[in-house]
Every structure is written in C-alpha cells, then in structure tokens.
Amino acid sequence: DVVFIGGTWKENEPNLDIHTIERYKAYQYNNPAYYWQVIEGLSPEEVRGKIFTGWQQIDASPAEARLVRFGEDFGWFPDPACAVAVYYWNGAYIVDEIAYGTELTNECLAGEIKKVGKATTIADSEEPKSIAEQNKYGIVVQGCEKGKDSVDFRIKVTAQKKIYVTSRSKKVWESYENYAWAEDKDGNPKGEPDHQWSHCMDATMYAIASLHNRQHDIITYQRPRERTNVGV
C-alpha cells in the first residue's frame with residue numbers, strides 16, 4: 001500500500017487504497033489550491049486555508065460589460081458595510097467596489113448603488129428592516145438565500161467562476177487575498193470562513209450566487225442583446 005504522510009507518498013504503510021490516492025493526486029490538476037492547502041498541507045505565498053484563488057485584477061469594467069447585479073453586506077460598527085457592482089463580460093464576472101466603511105447609512109448605500117445603474121441588489125436577508133428601507137430609496141433589494149448549506153453553496157458557486165476585480169476595489173482585493181477558513185486555537189478547521197474578511201466576500205457571493213440556479217446547475221442571467229445597425 002501507499003500512503004500520503006508529511007507531503008510524501010510512502011509505500012508499505014497501509015492507510016489509503018490506490019484508487020483513493022490516485023483521486024487525491026488528481027486534485028493537483030483539477031483543484032490545485034485544495035491539493036496544496038489540504039492534501040499537501042502547504043500554502044506557499046498564500047494565507048493558510050485561503051478559500052478563493054485565481055482572481056485577477058483589471059483596470060476598470062469595459063464599456064461592453066453588462067451590469068447584472070449588486071451585492072451588499074450590511075454593517076455598522078465595528079463591522080463595515082460593503083456594496084459591489086457585478087458585471088458579466090466574456091464569460092467572466094467583474095467585481096467593482098462602490099461603497100465600503102463603517103457607519104454607512106442605508107440611504108448612503110442606496111445612493112451609491114443608484115449612481116452606478118439599474119440592477120437587482122442582493123443583500124443579507126437577516127436584515128429585513130434594512131432591505132425594506134433601501135427599497136424605499138428607489139433601488140430593488142432582495143434578500144439572499146439562507147439555509148443550512150447556503151454559505152458552502154455560495155462559496156462553491158463563486159469558486160467555479162472566472163472573476164476579475166477592478167483596480168480601484170482595494171478592500172475587495174484585500175479581502176480576497178485574506179479570506180480563509182476559520183481555525184480554532186489549536187489550528188483545527190472550524191468548517192466556516194473567518195468572519196474578519198467576510199464582508200466584501202459576502203457581498204460578492206450574494207450577487208454571483210443569485211445568478212446561479214441550484215436545481216439545474218446553470219447560470220440564469222440573460223445575455224445582452226446584440227446591437228444591430230439599421231440603415232435609414
């Protein structure tokens with residue numbers, strides 16, 4: 001038998017069958033972040049237990065990108081609030097930070113969203129009073145789906161997407177680089193993300209996951225109509 005111990009596949013130590021080992025090895029190509037962080041137990045040049053990888057920065061959202069959602073995580077103090085705009089572009093999503101900070105009122109957040117354009121905002125459904133108040137300020141706000149596995153679902157969906165972050169989105173990028181699985185005092189995983197860097201990530205995931213259909217496992221957004229030139 002062969003077993004994986006301390007970063008090395010060793011023989012003559014019965015533990016895992018060969019099929020399981022081959023499946024684990026495949027993660028190196030199918031899910032390299034999981035392979036190096038969980039199976040190998042390493043996180044080279046990354047935060048231990050980092051959740052998302054592969055995001056890229058872009059100067060700004062291109063003119064042809066389509067605004068499809070806003071995402072919003074409510075906060076006050078000490079937790080900040082965050083609002084992001086999400087665009088669809090060439091099979092990928094672009095995240096643009098539009099508001100971040102403590103003691104931002106619902107009116108202020110709604111105002112920043114209205115400046116960008118019209119699209120449904122997905123926010124934390126555990127704050128129905130804030131959602132109702134923001135709807136009165138002229139934006140369309142819906143609560144995100146909540147449930148036993150809702151956090152895992154949002155992480156899974158978002159991890160499958162190609163994502164760009166605009167260069168001005170400093171807090172979103174910082175959160176992305178530090179968003180990791182929480183650990184207890186002994187370094188054991190708690191099975192949930194660390195709350196400290198969750199605000200921008202929650203806002204982003206609320207928006208992106210809302211475009212995903214759980215039952216059919218497909219994206220439900222509508223592609224922008226192609227423009228046609230009409231001769232006069």
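Of the contacts in the chain between residues at least 6 apart in sequence, 57% join residues at least 24 apart, a contact being heavy atoms within 4.5 Å. The model is predicted: local features need pLDDT of at least 70 and side-chain atom pairs count only at pLDDT 80 or more, while totals for chains, interfaces and linings use all residues. Residues are numbered from 1 along each chain as its sequence is written, and side-chain values use heavy atoms, with hydrogens and water left out.

The chain has seven helices and 13 strands; these are DSSP runs numbered from the N terminus, with helices (H or I) of at least four residues and strands (E) of at least two. Buried residues account for 41% of its 232 residues. Here buried means under 20% relative accessible area, exposed over 50%, and partly exposed in between, with a 1.4 Å probe and protein chains only. The accessible surface is about 13,900 Å², and carbon and sulfur atoms hold 46% of that area; areas come from the Shrake-Rupley method with a 1.4 Å probe, and for residues only the protein chains shown count as cover.

Strand β6 (residues 92–101) is mostly covered, with nine of its 10 residues buried. Strand β5 (residues 81–89) pairs with β6 in the antiparallel sense over nine bridges, where pairing requires at least two DSSP bridges between two strands. Within this pairing, Val 84 stands opposite Glu 97 of β6. The two strands form a hairpin with two residues between them, and Asn 90 in the turn has a positive phi of about 50°. β6 also pairs with strand β9 (residues 163–166), in the parallel sense and over three bridges. There, Val 95 has Val 165 in β9 as its bridge partner.

**Aromatic pairs**

The structure holds six aromatic pairs. Rings of Phe, Tyr and Trp (its six-membered ring) pair if their centres lie within 6.5 Å; planes under 30 degrees apart count as stacked, over 60 as edge-to-face and the rest as tilted. Two of the pairs are tabulated.

| Pair | Centre to centre | Angle between planes | Class |
|---|---|---|---|
| Trp 55 and Tyr 176 | 4.7 Å | 5° | stacked |
| Tyr 88 and Tyr 93 | 5.7 Å | 65° | edge-to-face |

Trp 55 lies in the loop between α2 (32–39) and β3 (56–58) and Tyr 176 in helix α6 (residues 170–178), so their pair ties together parts that are 121 residues apart in sequence. Trp 55 and Tyr 176 are both buried, and so are Tyr 88 and Tyr 93. Ring pairs join Trp 55 and Tyr 176 with Phe 52, Trp 173 and Tyr 179 in a cluster. The charged end of Lys 50 sits over the ring of Tyr 176, 3.6 Å from its centre; the criterion is NZ of Lys or CZ of Arg within 6 Å of the ring centre and within 35 degrees of the ring normal.

**Cysteines**

There are zero disulfides in the structure, a disulfide being a pair of cysteine sulfur atoms within 2.5 Å. For Cys 82, the closest cysteine sulfur is that of Cys 200, at 3.4 Å, which is too far for a bond. Cys 82 counts as buried because its relative accessibility is 0%, whereas Cys 108, at 32%, counts as partly exposed.

**Ala 209**

Ala 209 lies in helix α7 (residues 198–209) and, at 8% relative accessibility, counts as buried. Leaving aside neighbours within four places in sequence, Ala 209 is in contact with Phe 153, Arg 154 and Val 157. Arg 154 is 55 residues from Ala 209 in sequence, yet their C-alpha atoms are 5.4 Å apart.
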